[in-house]
Amino acid sequence: MAPFEENCPIPSTHERCAEARYFLIQCLINYHLPQPFLHNLNAFIQSFRNITFMLQSEASELNGFKAWYETKQQEMRNMPALRRFVEARNIVVKQSSLTSKSKVACGLFRGRRMKLSMNADIEPFAETSRLLELTAEFVGKLFLGGKHEQVGEQAGVERTWVVEELGEGEVISKCVEAMNFMLALVEEAHHLLGGASGLKGLSVDMQDFSVLLESDVDSTLPVKWGWVGT
Ligand SMILES: [Zn+2]
């Protein structure tokens, strides 16, 4: 995706969109590294909020924009999840508020789904790979008898990051929903002003990101365990 196309009617808005999208993807990539995750989440929130500021300052004088944007603002006000992001002027997520509602579950997985969870007191800001090491030790002894005979069964850790200020439930799926709404809105603004953004929405399966398995960390394990041929 180019930062903006030739003759873009709203280049600064376009760039803010590309920036917010970038930070959101970084949140997904860093889902299991709490500190980088938090930095990228705050960067996303900030650049997301800047999209509407930029759009209003960049396009307000352009033909037909004002009336169109008023209907869009109304639409955004009627979507509580989105309103939180747009109006999140003062939201800076701190470690304490990130960890207070978030969940970490460790246990035995089949595929990417948890089969048996362990009860454990977990420090939620610990890096997942560290938690996975401990989980693998327990799961290996308790459930697997030191072997990996069942194809697809291994230790894993599943995270669910929740930020109360941004609503109940997993936060990145909320960010993706808000981002996709905003990308569609900015695309519409491009059309209104005689252009096309080429900005694509995101399609995310959270299980691909929220679960970390032993074989995600060490891709040689399935062969070692005899799940696949060498
Ligand atoms: Zn553009």
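This is a predicted model: local features need pLDDT of at least 70, side-chain atom pairs count only at pLDDT 80 or more; totals for chains, interfaces and linings use all residues.
## Overview

A residue counts as buried when its relative accessible area is under 20%, as exposed when it is over 50%, and as partly exposed in between, using a 1.4 Å probe and protein chains only. Residues are numbered from 1 along each chain as its sequence is written, and side-chain values use heavy atoms, with hydrogens and water left out.

The protein has 10 helices and 4 strands; these are DSSP runs numbered from the N terminus, with helices being H or I of at least four residues and strands E of at least two. Along the sequence they come in the pattern α-α-α-α-α-β-β-α-β-α-α-β-α-α. The C-alpha trace spans about 70 × 40 × 25 Å along its principal axes. Contact here means heavy atoms within 4.5 Å. Among contacts between residues at least 6 apart in sequence, 73% join residues at least 24 apart.

Let's start with helix 1, which takes in residues 11-29. Its 19 residues reach 27 Å from the first C-alpha to the last, close to the 27 Å expected at 1.5 Å a residue; the expected span is 1.5 Å times one less than the number of residues. The buried residues of helix 1 include Thr13, His14, Arg16, Cys17 and Leu24. Helix 2 (34-59), helix 7 (171-192) and helix 8 (206-210) are what the buried residues of helix 1 pack against.

Beyond neighbours within four places in sequence, threonine 13 is in contact with Ile51, Met54, Leu55, Glu58 and Val186.

Helix 2 holds both proline 34 and asparagine 42. Proline 34 counts as buried because its relative accessibility is 1%. Setting aside neighbours within four places in sequence, proline 34 is in contact with Pro124, Phe125, Ala126, Glu127, Arg159 and Trp161. The C-alpha atoms of proline 34 and leucine 98 are separated by 9.3 Å, though these residues are 64 apart along the chain.

Asparagine 42 also counts as buried, because its relative accessibility is 17%. With neighbours within four places in sequence left out, asparagine 42 is in contact with Val92 and Val93.

Helix 3 covers residues 65-77, and its 13 residues reach 18 Å from the first C-alpha to the last, close to the 18 Å expected at 1.5 Å a residue. Which residues of helix 3 are buried? They are Phe65, Trp68, Tyr69, Lys72 and Met76. These residues lie on the same side of helix 3 because they cover an arc of only 95 degrees around the axis, the arc being that of the directions from the helix axis to the C-beta atoms. An α-helix has 3.6 residues a turn, so residues three or four places apart point the same way.

The buried residues of helix 3 pack against helix 2, helix 4 and helix 7. On the other side of helix 3, Lys66, Ala67 and Glu70 are exposed.

## Valine 104 in strand 1

Moving on to a strand, valine 104 lies in strand 1, which covers residues 103-110. With a relative accessible area of 19%, valine 104 is buried. Not counting residues up to four places away in sequence, valine 104 touches Ile122, Pro124, Leu131, Val157, Glu158 and Arg159. Valine 104 and isoleucine 91 are 13 residues apart along the chain, and their C-alpha atoms are separated by 24 Å.

## The cavity

The structure holds 1 cavity of 30 Å³ or more. On a 1 Å grid over the protein atoms alone, a cavity is a set of points where a 1.4 Å probe fits but cannot get out, and lining residues have an atom within 4 Å of a point. The largest cavity has a volume of about 40 Å³; grid points are joined across faces, edges and corners, and the volume is the space filled by probe spheres set on the points.

Which residues line the largest cavity? They are Met79, Ala81, Leu82, Lys174, Glu177 and Ala178. Helix 4 (80-86) and helix 7 each supply at least two residues of this lining, and helix 7 gives the largest share, 3 residues.

Key. On a 1 Å grid over the protein atoms alone, a cavity is a set of points where a 1.4 Å probe fits but cannot get out, and a pocket is an open set with protein on both sides within 12 Å along at least five of seven lines; lining residues have an atom within 4 Å of a point.
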